[in-house]
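Here is a briefing on a single chain. Look at the sequence and the fold first, then read the points below.

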Amino acid sequence: VTVIEAVKAVLGQIRSMEPDLNSFVTVDEAFALSQAEAVQKKIDAGELTGPLAGVPVAIKDNICIKDMKTTCSSNILSDFVPTYTAQAVENLIEAGAIIIGKTNMDEFAMGSTTETSAFGPTKNPWNLEYVPGGSSGGSCTAVAAGECFYALGSDTGGSIRQPASYCGVTGLKPTYGTISRYGLIAYGSSLDQIGPVAKDVTDCAAILEVLTSHDKKDSTSVDRKDNHFMEALTKDVKGLRVGIPADYLGEGLNEEVKEAVLKAAKVLEEKGAVVETFDLGRVKYAIPAYYVIASAEASSNLSRFDGVKYGYRAREYEGLHGMYKKSRSEGFGAEVKRRIMLGSFVLSSGYYDAYYIKALKTKALIKKSFDEAFAKYDVILGPTAPTTAPKLNESLSDSLKMYLGDIYTISVNLAGLPGLSIPFGTDHKGLPIGIQLIGDCFQEKNILRAGFALE
Ligand code: GLN
């Protein structure tokens with residue numbers, strides 16, 4: 001296939017699927033076709049030889065691309081056009097990627113269903129009555145439905161892995177610091193990481209190699225020398241030490257998801273891995289600690305959207321404060337406002353020690369639990385989410401229930417670890433089940449190796 005053919009194929013698929021799915025906020029056909037021509041020339045001239053050259057990609061709409069609308073699926077940024085491109089996207093462009101458009105998401109990446117988008121929900125491609133998960137629901141749906149070959153998502157507390165599990169695709173959140181956050185619109189900066197969503201582990205490894213780079217524009221970017229992730233794909237897991245946290249298999253976990261995890265454990269064991277269950281501990285503290293820290297950082301990060309510098313401004317208002325208040329009241333949706341209020345509260349004097357500092361201490365203890373685990377194991381195996389995808393309109397009315405669904409993913413962000421979700425069978429409704437492989441910091445190769453052996 002030529003590059004133009006590949007691009008036309010995904011554009012055709014987008015045209016036929018979008019009325020049902022709504023995975024995209026923006027599709028730029030003309031831009032995609034002009035990139036395709038330019039890249040084809042470079043391929044023909046032998047200037048582009050890597051595996052991503054000429055391959056169409058979709059980008060989550062909280063990752064900036066110069067001259068292309070970037071909305072975070074929020075009314076407050078509905079007309080925002082960035083003047084620069086995220087470093088992660090620059091890396092893809094350099095590798096010859098063809099950008100098709102920007103994908104739908106929960107507003108400012110806050111949510112687990114893609115229903116908090118100001119531009120309407122994305123639907124699960126396996127069954128349109130169900131949610132695709134979130135917040136990278138648009139990216140995962142687009143990959144599952146063949147509207148692109150792979151996509152970028154962002155993961156603050158599971159936003160790549162959980163929708164990947166609901167949509168039957170593979171999603172990877174790398175170790176914090178691996179992929180530059182320059183140009184990613186911040187939610188919880190100490191937890192946010194960009195990562196790939198793709199059809200399988202091999203694609204994820206190849207994309208990760210391109211995305212990984214040291215970037216001086218991001219002060220938390222790590223200079224990693226060990227970025228040859230494809231080397232991990234050997235199908236050999238002999239001697240790999242795999243731990244299953246018993247506390248991940250208890251109350252609240254759907255039986256079919258649990259069976260999938262145990263089946264995966266068996267497959268790894270048959271292939272020579274050493275599998276054991278153990279007590280990770282402190283699991284129940286992850287949700288409260290995460291929602292305090294993420295909301296605190298969000299309240300600070302989102303203070304820049306005030307109607308002055310960019311973004312939506314209310315038409316009529318009285319005075320400067322009136323303008324801030326009205327612009328923000330009209331521009332942000334309910335879930336974002338809830339987080340801003342919660343975050344401002346836990347950071348306010350008098351409550352700072354009681355909530356924010358306590359959450360930071362809890363974060364450190366959770367990291368310690370993982371450190372102890374990784375002294376014994378190379379990989380931690382468990383579910384990605386407690387259930388398969390819920391129905392549309394089931395989650396929004398009960399935020400707390402939605403937050404509880406993040407139990408297996410958010411501790412990975414609190415500890416800065418890499419996590420991979422791979423599809424592993426379906427439930428009785430025919431919806432995909434995802435299982436999660438967690439590695440120690442900078443040990444992506446271990447989880448890619450285990451994930452590859454399970455495909
Ligand atoms: N569901 C979580 C939240 O709402 C995680 C979101 C994310 O990773 N961006 O915060």
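UniProt, in an unreviewed entry, lists residues 5–448 as "domain: Amidase". UniProt positions follow the numbering used here, feature names are shortened, and annotations may be inferred rather than shown by experiment. Over residues 5–448 the chain is 38% helix and 14% strand, with the end C-alpha atoms 31 Å apart. The model is predicted: local features need pLDDT of at least 70, side-chain atom pairs count only at pLDDT 80 or more, and totals for chains, interfaces and linings use all residues. Residues are numbered from 1 along each chain as its sequence is written.

**Overall build**

- The chain has 14 helices and 11 strands. These are DSSP runs, numbered from the N terminus: helices are H or I with at least four residues, strands are E with at least two.
- The radius of gyration is 21 Å, close to the 23 Å that the globule rule gives for 455 residues, so the chain is as compact as a globular protein of that length. The radius is taken over C-alpha atoms, and the rule is 2.2 Å times the number of residues to the power 0.38.
- Along the principal axes, the C-alpha atoms fill a box of roughly 65 × 65 × 45 Å.
- Buried residues make up 55% of the 455 residues. A residue is buried if 20 or more other C-beta atoms lie within 10 Å of its own, exposed if 12 or fewer, and partly exposed in between; C-beta atoms are placed from the backbone.
- Among contacts between residues at least 6 apart in sequence, 75% join residues at least 24 apart. Two residues are in contact if their C-beta atoms, placed from the backbone, lie within 7 Å.

**The sheet**

- An open sheet of 11 strands runs in the order S1-S3-S2-S4-S6-S5-S10-S11-S9-S7-S8, with mixed pairing. Two strands pair if DSSP finds at least two bridges between them.
- Strand S1 (24–27) and strand S8 (274–278) are the edges, each pairing on one side only.
- Neighbouring strands of this sheet are turned by 25° against each other on average, direction ignored. Axes are lines fitted to C-alpha atoms, for helices over the stretch in contact, and angles run from 0 to 180 degrees between N-to-C directions.
- Helix H2 (residues 29–44) packs on the sheet and touches S1, S2 and S3. The direction of H2 makes about 155° with that of S3.
- Strands S7 (residues 241–245) and S9 (residues 379–383) run parallel, joined by two bridges. Glycine 243 has isoleucine 380 in S9 as its bridge partner.

**Annotated active site**

- For "active site", the unreviewed UniProt entry lists Lys60, Ser135 and Ser159. They span 100 residues in sequence, yet no two of their C-alpha atoms are more than 10.9 Å apart, so they gather at one spot.
- Lysine 60 lies in strand S2 (residues 56–60). Lysine 60 is buried, with 32 other C-beta atoms within 10 Å.
- Not counting residues up to four places away in sequence, lysine 60 touches residues including Thr103, Met105, Ser136 and Ser154.
- Serine 135 sits in the loop between strand S3 (98–103) and helix H4 (137–144). Serine 135 is buried, with 34 other C-beta atoms within 10 Å.
- Which residues does serine 135 contact, leaving aside its neighbours within four places in sequence? They are Met105, Asp106, Ala109, Met110, Gly111, Thr114 and Ser159.

**Backbone details**

- The peptide bond from glycine 134 to serine 135 is cis, with omega near 15°.
- Phenylalanine 108 is not a glycine, yet has a positive phi of about 55°. Phenylalanine 108 is in the loop between S3 and H4 and counts as buried, with 29 C-beta neighbours inside 10 Å.
- Alanine 109 is not a glycine either, and has a positive phi of about 70°. Alanine 109 is found in the loop between S3 and H4 and is buried, with 30 other C-beta atoms within 10 Å.

**Nonpolar core**

- The largest nonpolar core has 131 residues. Such a core is a set of buried Ala, Val, Leu, Ile, Met, Phe, Trp, Tyr and Cys residues joined through C-beta atoms within 7 Å.
- Helix H8 (residues 286–301) gives the largest share of this core, nine residues.
- Val57, Ile98, Val143, Cys148, Ala151 and Leu381 have the most contacts inside the core.
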